[in-house]
Amino acid sequence: MADLALGSAPKERSFADKIWGKIVGLSRRSPTSIIGFVIILFFGLLALLAPLLMPYDPIAANPNLILQGPSAEHWFGTDGNGMDVLSRVIFGSRYAFGIAIPVVIIALALGIPIGLYSGYKGGNIDEAIMRVVDAFRVFPSIILALAVVAAAGPSLLNVVLVIGILDAPIFVRVVRAEVLALRSSSFVESGLIVGNPTWRILFVHLLPNAIQGAMAQTAVRAAWAVRISATLAFLGIGIQPPTPEWGAMIRQGAEFMVNGQWWVGIFPGVALILMVLGFNMFGDGLQDLLDPKRRSGGK
Amino acid sequence: MLLRRLVLAIPLLIGILFFTFMLIRLGGQDPVGLLAGPTATTEEIEIVRAELGLDKPLFTQFWLFLGNVVQGDIGKSWISNRSVTLDILERIPITLELLLWGVALGSVIGVPVGLRAAFRHDKWFDHISRGISLLGFSIPTYFLALLLLFIFFFLLGWSPPGMGRISLLISPPPTVTGSYLIDGLLAWDFSVARSALAQLILPVIAVAIISAAPIVKHTRAIALEVISSDFVRFARASGLSSDKVSRIVLKNSSTPVTTFIGTELTGLVGSVSLIEFVFAWGGVGQYGLNAIIRGDFAAVQGYVLFLALFSLVVFIIVDLLVLILEPRAVAE
Amino acid sequence: MSLLQVRDLHTHFISRNLDNEIRIAKALNGVSFEVSRGEVLGLVGETGAGKSLTAYSVMDLLKPPARVVDGVVEFDGRNLRDLDTEDMNKLRGSEIAMVVQNPRSSLDPLTRIGEQLVRVHTAHSDANESAARARAVEMLGAVGIPAPEERMRAWPHELSGGMAQRVLIAMALMNDPKLIIADEPTTGLDVTVQAQILDLLRELVETHNVAAMVITHDLGIVAHYCQRMAVMFAGRIVETGDVETVFDNPTHPYTRTLIASTPERLRERKQKILGGGAPPNLYNLPPGCHYVERCQFAEESCNQALSLEQVGEGHFAMCARMDAVREGWPT
């Protein structure tokens, strides 16, 4: 064990070795995050390359081919309008990302500044903001989203806006907690002593640190966004058929499932589950890596 | 401390009431039309308008609305043509039956799994249970319900069709608690009880699966924190056997776990509503979702209000439980 | 006759970082010391020197990634490292008892303290419930807690810091220990309470012929309550001997610095402190003496392997340039 005697001054490794080492190291620490990342990558590729991958036009109705089971020509079968389920599932990944990404951006854009401000200012403003945030927690968010979208009207824009706004309080809480912890730390105090204006302290000093917790949450929130938007579509609020969005497809498929034409609803459902699972796994792994308290070991 | 919670609840309630009040005015449509329903005639619309004072300024409207709510009047559902309050009150025990059985089953499964995962931290049981828990987080509730029906009703034929709480061929028992199962047993009518039980199984399993995922995750997190605490380390240093140490961990985890399950209930009502919808269960959830879908806005208001009140009641009960279980809390 | 003999103890933290490289922090690097009955050994050092870790290594209470990789721990003639967990468990809390920091958070918050005392006793003996209770009351009285009968029903959060620490000592005494290890037993307590607790400890050692090891960063405690002392730096004992001898004739530069840094001496000498600085990097320790980076007497010869050398009767130090230090130390 001669090489261990000197502590662990690492010997120089080739670039490829280092990359492989990082991957192995990450997957040891958190295998879920790697699997999750692979799944997200897979669906990302599907979404990007959809036009190349789809065997048929996703919204081409063909009355002659209604409700055909999975076959060589139609791997996933056809639905009640004769449309190819496989193509629709592939194209549906675009909707999933098209919802998840804007939702997370909106939630972050709202949540981070409010969280920073609330945590930094403290006092009555903070109290008031936290009351509002708590109010959101009292409610099951599904119902809230449902009610608001139903009232405002079914459209993609409304769905994205509503879910984005509903997710913001979570970021507010996470960022605020970080700010509260950091606010009394020495580097903020020294920034104040030097005379930095408030916004500078907020954005230059606090933001980079406070943002870590928020980043860990983004993947999980993306998973939630995809899941909720599908629920909305399933209930007929939000995205309507024949749009090839997975939730709407499951809505169609629900009636057929009871009669035995399971492929119409099951395939989009499995795709939905996989994608949400991918985001959740990646997010769970992220949280493990970024939050030192959650890591195992130590005294 | 309890009083403080109650006092804080009031502005929260008013805020929620305001929100529900504003809800139907969100889309820019004339609220009268929404409240009276698509089947209302022009005269009926005018009557509703006058009754609710919808021709008056917004603030007066809200004041009238508050007054009505306090008296228990949330308006009339145009679908059922009855008072929303009555509609909802009738259905509360129906939803509670599903919710309570489901969460009970979910806890009975979830808590031990979470604890075991914590004790076998980073071993294969831990990883697998976390994976399954993540899966539970990833299945949309309604899809799970559909899937269960597909597998157990269509494929296997074990379960009756998901059409309500009792077979359509059997008449329901006299109402005592509102639960067909319990009322059937109370009336010694075993065919009723059996049918009610058969109808209960799948939706309860659905609720259990959905509730188990967060329970496993948080029970594990709580137990891990307790295991790494100073007093557990000291217990080990005192030479207590691992059995005794485990018991200490269990005891100290039970309060936070119970608190967590309580707060989970508030989120679970949403999932239960979806399950009710798929299984045509006939509880507040199905009523509320139907109302949202079909635009019965008075009923939507009632539903939203019910959810808020339910959450508040649950929080108060959880606080009371903490007072009972935790000697530290009493000292405050 | 020494009760506890630790020889050449090595404890490492072995883990993999994100780049999948093995990282080893060498926390204990050949720790050797002895504790005998009827005496108190004071283990001194700065934070991070490895004092608590030594205690946990002896008691086999390390959490991964920490592990004892080498060394002998001989207690009452037995090598503790040979024992399995069950046998170790029998020793812990009975023959070897530990008194820890943070007494209030070390007690089970949901169990009354009487019950906790009983629990420790029944775990290690055949005593029945009432015998255990009687003994618990007796021990509470022995540590100076007023109205011990009523105190049995107290909850941990109802106790003050000093009371809680006494309860911990009572718990340590429940099973007639041969060795008491006290890890920073007075940190965070009022000065008067500190004195009471330490007096209690010393009395127990003297009247019951118990062996005690007090881990502390406070030289004052060592000076007033210990008979022998061991100075620790970067996982090694750099000096050991009778308290009087070491204070009269500190040999290792680190020991000298420690003693010179006490407020009384600073006032006397009115000079700067030498040898302060950053804690050593346990992942990358120097090959010979670990103190080279902070020592003003460091030289090439200091980078060779070292061992404890005799300085006087029962007095040992680990320094390659002892004479140079003695001559060159500013007065």
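# Close-up views of a predicted complex

**Where chain A meets chain B, the contact draws 37 residues from chain A and 34 residues from chain B.** Two residues are in contact here if their C-beta atoms, placed from the backbone, lie within 7 Å. On the side of chain A that touches chain B, at least two residues each come from helix 6 (123-138), helix 7 (141-152), helix 10 (198-234), helix 11 (246-259) and helix 12 (263-290) of chain A. Helix 12 of chain A gives the most, with 9 residues. Sorted by class, this side of chain A has 27 nonpolar, 8 polar and 2 charged residues. In this sorting, Ala, Val, Leu, Ile, Met, Phe, Trp, Tyr, Cys and Pro are nonpolar, Asp, Glu, Lys and Arg are charged, and the others, Gly among them, are polar.

**A note for reading all the views.** This is a predicted model, so local features need a pLDDT of at least 70 and side-chain atom pairs count only at pLDDT 80 or more, while totals for chains, interfaces and linings use all residues. Residues are numbered from 1 along each chain as its sequence is written, and chains are lettered from A and ligands numbered from 1 in the order in which they are written. The predictor gives the complex an ipTM of 0.86 and a pTM of 0.84. Helices (H or I, at least four residues) and strands (E, at least two) are DSSP runs, numbered from the N terminus.

**Chain B has 14 helices and 0 strands.** Its C-alpha trace spans about 80 × 55 × 40 Å along the principal axes. Of the 332 residues in chain B, 45% are buried; that word applies when 20 or more other C-beta atoms lie within 10 Å of a residue's own, with exposed meaning 12 or fewer, partly exposed in between, and C-beta atoms placed from the backbone. Zoom in on helix 4 (residues 58-70) of chain B: its 13 residues reach 18 Å from first C-alpha to last, close to the 18 Å expected at 1.5 Å a residue. The expected span is 1.5 Å times one less than the number of residues. Just after helix 4 of chain B comes G72(B), with a positive phi of about 95°.

**Helix 5 of chain C has a buried side.** This helix (residues 129-142) has 14 residues and reaches 20 Å from its first C-alpha to its last, close to the expected 20 Å. Look for the buried residues A132(C), R135(C), A136(C), M139(C) and L140(C). They sit on the same side of helix 5 of chain C because they cover an arc of only 140° around the axis, taken from the directions from the helix axis to the C-beta atoms. Turned away from the buried side are the exposed residues S130(C) and A134(C). The cover over the buried residues includes helix 4 (113-124), helix 6 (148-151) and helix 7 (161-173) of chain C.

**Chain C also holds an open sheet of 4 strands, in the order 2-1-4-5, with antiparallel pairing.** Two strands pair if DSSP finds at least two bridges between them. Strand 2 (22-36) and strand 5 (78-79) of chain C are at the edges with a single partner strand each, so one side of each has no neighbour in the sheet. Strand 1 (residues 2-16) and strand 4 (residues 66-75) of chain C are joined by 8 bridges; here L4(C) stands opposite F75(C), and R7(C) has V72(C) as its bridge partner.

**Strands 4 and 5 of chain C form a hairpin with 2 residues between them.** These antiparallel strands are joined by 2 bridges, and F75(C) has R78(C) as its bridge partner. In this hairpin D76(C) takes a positive phi near 50°.
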